[in-house]
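Here is a walk through one protein model, taken a piece at a time. Keep the structure open as you read.

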Amino acid sequence: MCGIVGIIGQYPVNQNIYDALTVLQHRGQDAAGMVTLNNGRMFMRKANGLVRDVFQVRHMHRLAGNVGIGHVRYPTAGCSSSAEAQPFYVNSPYGIALAHNGNLTNAAALKEELYKADRRHINTSSDSEILLNVLAHELQKSCSLTPKPEEIFQAGRELYKRCHGGFAAVAVILDVGLVCFRDASGIRPLVIGKRETDKGTEFITASESVALDALGFDLIRDVAPGELIFIDFNGEMHSQVCDDNARLTPCLFEQVYLARPDSMIDNVSVYKARLRMGEKLAEKIQREWADHDIDVVIPIPDTSTTSAMQLAHGLNLKMRHGFVKNRYIGRTFIMPGQQLRRKSVRRKLNAIELEFKDKNVLLVDDSIVRGTTSQQIVEMAREAGAKKVYFASAAPPVRYPNVYGIDMPAADELVAHGKTVEEVQALIRADKLIYQDLSDLIECVKEGNPNIQGFDTSVFDGNYVTGDVDQAYLDALEEARNDDAKSNQNNLEDVDMVMDIHNEGNG
């Protein structure tokens, strides 16, 4: 789960990229970075921290140019050293910088292939650097000194043959233009938009449409699965689907939790999809628990509020905001240690006692991942005076790790892995636990766009849409992602970088 943005404009883009990254900050709070192009030079700033902390006035002055890309990151299998913050850069061919959201499922094989066959060295453990080097190698093979669109598409076709998994990427190429592309399954989201200025058309690509809204760009469409879009410095947009097996099967968890509710993803309103999730949960409760004694519905802020509102309406109950959120605490399921996550929950939420006192409350959350947050929130509700505490999840049980760029951890760290609903209910200490049915969740999202051919539902059912994930891969992933591994990785020293990359031949 990272956020990316790229702009090719008529005016300096540094402030626009900064603003877009702040809007996408929910997708990554570990590190941020930006690269801009100006008169044949690349300027880079990246470091650990939130957008507002990484970019100071002195950095913004240096990030000159009308073309650039940006990235907000949180680590999955990698470490949180700023040496792995993005964008990444290679100087051959042309000079290319790339920002990436997702995960390559064949990264290990590609890394070896790049070294042995392509003679390219990978300096970090990030698969984003691998993706960049594959792109650079294929551009070098396919393109002339002044690349034509068809040559870039040929490089794209070769990239799709080599790179597997879920990914959305944006790259800038010195004296050539901006390139963006999306994996052949459409797992990770990517949109493209434009706006008109007195000097001509400006283009933007971003992880979510909300970044376009904030900057006044009009949404053109989602980037199609397997599609590569090239925008040259003359403002001409060229596009081609470069993978013959492309099929739209986006990540279902984006709609549940990751995306902002005011975004459109694959032509589906996230807000409306979450309303429908609440409706389906209400229908399930009416069907399976008609004699319930719920007094009030209380959402766990913020992503569950939309679903909880519609659930309460469906049950003809009041919804009350019983928790106040400290918005300066990060998302707990991505924090690098169980003890830190436990401490963070209490700092993140505080209960309003009068909404709980002597009531049977139904708490609603978007999902239950490790169960750490859920257990403590149930405990907080009881401490605030609730008689009974019921718990509803807008998503089905999360039982399997995600391999496409979301830090759903090792399987044995997922509270529902190998457990029944009743066992999870006992672990989080709720009086009753209600999960969304997977078929209902699929229906909630697909109703927004019947042209979606399927979904990546792997975190719920273990079916990985790319078809290349086996137990050996999952075992290796678990070793890289468990809390002990992350604790060791996070001891690496951070490196703060400000780079001015100059290519004398590209004036």
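A residue counts as buried under 20% relative accessible area, as exposed over 50%, and as partly exposed in between. That cut-off settles the first stop, Arg119. Its relative accessibility is 66%, so Arg119 counts as exposed. Remember too that this is a predicted model.

Arg119 sits in the loop between helix H4 (107–116) and helix H5 (127–142). Its backbone deserves a look. Phi of Arg119 is near 60 degrees, a positive value in a residue other than glycine. Arg429 also has a positive phi, near 65 degrees, and is likewise a residue other than glycine. You will find Arg429 in the loop between helix H13 (421–428) and strand S22. How exposed is Arg429? With a relative accessible area of 47%, Arg429 counts as partly exposed, because that class lies between the 20% and 50% cut-offs.

Now turn to strand S4, which covers residues 67–73. This strand is mostly covered: 7 of its 7 residues are buried. In a regular strand the side chains alternate between the two faces of the sheet. Look at which way each residue points. Val67, Ile69, His71 and Arg73 point one way from S4. Gly68, Gly70 and Val72 point the other way. The residues of both sets are buried.

Which strands pair with S4? One is strand S1 (residues 3–8), which runs antiparallel to S4 and is joined to it by 6 bridges. Within that pairing, Gly6 has Ile69 as its bridge partner in S4. Another is strand S2 (residues 31–38), which pairs with S4 in the antiparallel sense over 7 bridges. There, Thr36 has Gly68 as its bridge partner. Strands of a sheet pair through backbone hydrogen bonds, either parallel or antiparallel.

Helix H1 spans residues 14–23. Of its 10 residues, 7 are buried, so the helix is largely enclosed by the rest of the structure. The buried residues of H1 are Asn14, Asn16, Ile17, Tyr18, Ala20, Leu21 and Val23.

Next comes a bond to check by eye. Ser92 and Pro93 are joined by a cis peptide bond, with omega about 0 degrees. Pro93 belongs to the loop between strand S5 (88–90) and strand S6 (96–104). Is Pro93 buried or exposed? Its relative accessibility is 10%, so Pro93 counts as buried. Pro93 can also be set against Glu138. The two are 45 residues apart in sequence, and their C-alpha atoms are 9.7 Å apart in space.

S9 pairs with strand S10 (residues 200–206) in the antiparallel sense over 7 bridges. In it, Val191 has Asp222 as its bridge partner.

In what order do its strands lie? The sheet is open, and its 5 strands lie in the order S17-S16-S20-S21-S22. Its edge strands are S17 (318–319) and S22 (432–435), each of which pairs on one side only. Inside this sheet, strand S16 (residues 296–299) and strand S20 (residues 360–365) run parallel, joined by 4 bridges. Ile298 stands opposite Leu363 in S20.

Asp302 lies in the loop between S16 and helix H10 (305–314).

The last stop is on the surface. Asp468, Asp470, Asp475 and Glu479 form a negative surface patch. Glu479 is found in helix H16 (residues 471–481). At 60% relative accessibility, Glu479 counts as exposed, because the cut-off for that class is over 50%.

Key: Residues are numbered from 1 along each chain as its sequence is written. This is a predicted model: local features need pLDDT of at least 70, side-chain atom pairs count only at pLDDT 80 or more; totals for chains, interfaces and linings use all residues. Side-chain values use heavy atoms; hydrogens and water are left out. Patches are made of residues with over 30% relative accessible area and no salt bridge: like charges are joined within 9 Å, nonpolar side chains (Val, Leu, Ile, Met, Phe, Trp, Tyr) within 5 Å. Accessible areas come from the Shrake-Rupley method with a 1.4 Å probe; for residues, only the protein chains shown count as cover. A salt bridge is a side-chain nitrogen of Lys or Arg within 4 Å of a carboxyl oxygen of Asp or Glu. Lys and Arg count as positive and Asp and Glu as negative; His and the chain ends are not counted. The place of a charge is taken as NZ of Lys, CZ of Arg, CG of Asp or CD of Glu. Helices (H or I, at least four residues) and strands (E, at least two) are DSSP runs, numbered from the N terminus. Buried means under 20% relative accessible area, exposed over 50%, partly exposed in between (1.4 Å probe, protein chains only). Two strands pair if DSSP finds at least two bridges between them.
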